[in-house]
Amino acid sequence: MAMHRTRTPRPTEGEWVLVVEDETSIRRLVRRLLEGRGYRVLLAADPLEAIAILEHTPQPLDIMLSDMIMPHMSGLELAGRAAGIRPELPIVYMSGYTQDVIGAEVMRRVGPLILPKPFSVDALVDHVRAGLRRAVTPDQAPQVSSKAT
């Protein structure tokens with residue numbers, strides 16, 4: 001009989017995560033996984049909704065977890081907009097796309113902060129924790145044109 005080992009979840013301090021994902025099923029899954037590990041989650045279905053949350057929600061946010069390729073603007077473009085609203089907010093990206101689609105320069109600059117899809121709950125939590133530790137803020141995100149995304 002094979003034994004499956006699951007890592008014991010490390011406690012969080014109830015950090016607030018803004019999840020920006022255009023795929024409803026992924027957005028809901030990420031929320032469930034993060035809340036199951038003690039995070040508090042706000043959801044945005046696209047970058048425009050995320051900008052509205054950043055501008056109008058008084059809630060202090062600890063990190064933003066954003067898809068890279070979405071309608072209206074890319075995750076990197078969203079990061080640039082977020083820098084003007086909440087410059088202290090760290091960002092972790094998620095993507096189901098390869099380096100060929102995202103671009104080698106972008107991957108080189110934010111690679112450790114890109115969570116490849118599909119992902120496990122441990123990988124999700126590890127990336128969020130890494131983002132919180134590194135505190136890479138939107139103003140440190142690489143600039144990219146819409147053509148690169």
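The following legends describe an overall view and several close-up views of a predicted model.

In this predicted model, local features require a pLDDT of at least 70 and side-chain atom pairs count only at pLDDT 80 or more, whereas totals for chains, interfaces and linings use all residues. Residues are numbered from 1 along each chain as its sequence is written, and side-chain values use heavy atoms, with hydrogens and water left out.

**Figure 1. Overall view of the protein chain, with 6 helices and 5 strands.** Helices (H or I, at least four residues) and strands (E, at least two) are DSSP runs, numbered from the N terminus. The order of elements from the N terminus is β-α-β-α-β-α-β-α-α-β-α. Of the 149 residues, 46% are buried, a term that denotes under 20% relative accessible area, with exposed over 50% and partly exposed in between (1.4 Å probe, protein chains only). The accessible surface comes to about 8000 Å², and carbon and sulfur atoms contribute 52% of this area; accessible areas come from the Shrake-Rupley method with a 1.4 Å probe, and for residues only the protein chains shown count as cover. Among contacts (heavy atoms within 4.5 Å) with a separation of 6 or more, 71% join residues 24 or more positions apart.

**Figure 2. Strand S3 (residues 63-67) and its pairing with S1 and S4.** Because 5 of the 5 residues of S3 are buried, the strand is largely enclosed by the rest of the structure. Ile63, Leu65 and Asp67 point one way from S3, Met64 and Ser66 point the other way, and all are buried. Two strands pair if DSSP finds at least two bridges between them. Strand S1 (residues 16-20) runs parallel to S3 and is joined to it by 4 bridges; Leu18 has Met64 of S3 as its bridge partner. S3 also pairs in the parallel sense with strand S4 (residues 91-95), over 4 bridges, and here Ser66 has Tyr93 of S4 as its bridge partner.

**Figure 3. Crossing of helix H1 (residues 24-36) and helix H6 (residues 121-134).** The two axes come within 10 Å and cross at roughly 75°. Axes are lines fitted to C-alpha atoms, for helices over the stretch in contact, and angles run from 0 to 180 degrees between N-to-C directions. H1 and H6 are therefore roughly perpendicular to each other, on a scale where angles under 35 degrees count as roughly parallel, over 145 as roughly antiparallel, 65 to 115 as roughly perpendicular and the rest as oblique. Val30, Leu33 and Leu34 of H1 meet Val121, Leu124 and Val128 of H6. By class, this contact has 6 nonpolar, no polar and no charged residues (Ala, Val, Leu, Ile, Met, Phe, Trp, Tyr, Cys and Pro count as nonpolar, Asp, Glu, Lys and Arg as charged, and the others, Gly among them, as polar).

**Figure 4. Packing of helix H2 (residues 47-56) with helix H3 (residues 75-85).** The axes of H2 and H3 come within 10 Å and cross at roughly 10°, which makes the two helices roughly parallel. Pro47, Ala50, Ile51, Leu54 and Glu55 of H2 meet Leu78, Arg81, Ala82 and Ile85 of H3. The contact of H2 with H3 has 7 nonpolar, no polar and 2 charged residues.

**Figure 5. Backbone geometry at Pro118 and His72.** Most residues other than glycine have a negative phi, and most peptide bonds are trans. The peptide bond from Lys117 to Pro118 is cis, with omega near -5°; Pro118 is found in the loop between strand S5 (114-116) and H6. His72, although not a glycine, has a positive phi of about 80°. His72 lies in the loop between S3 and H3 and counts as exposed at 57% relative accessibility.
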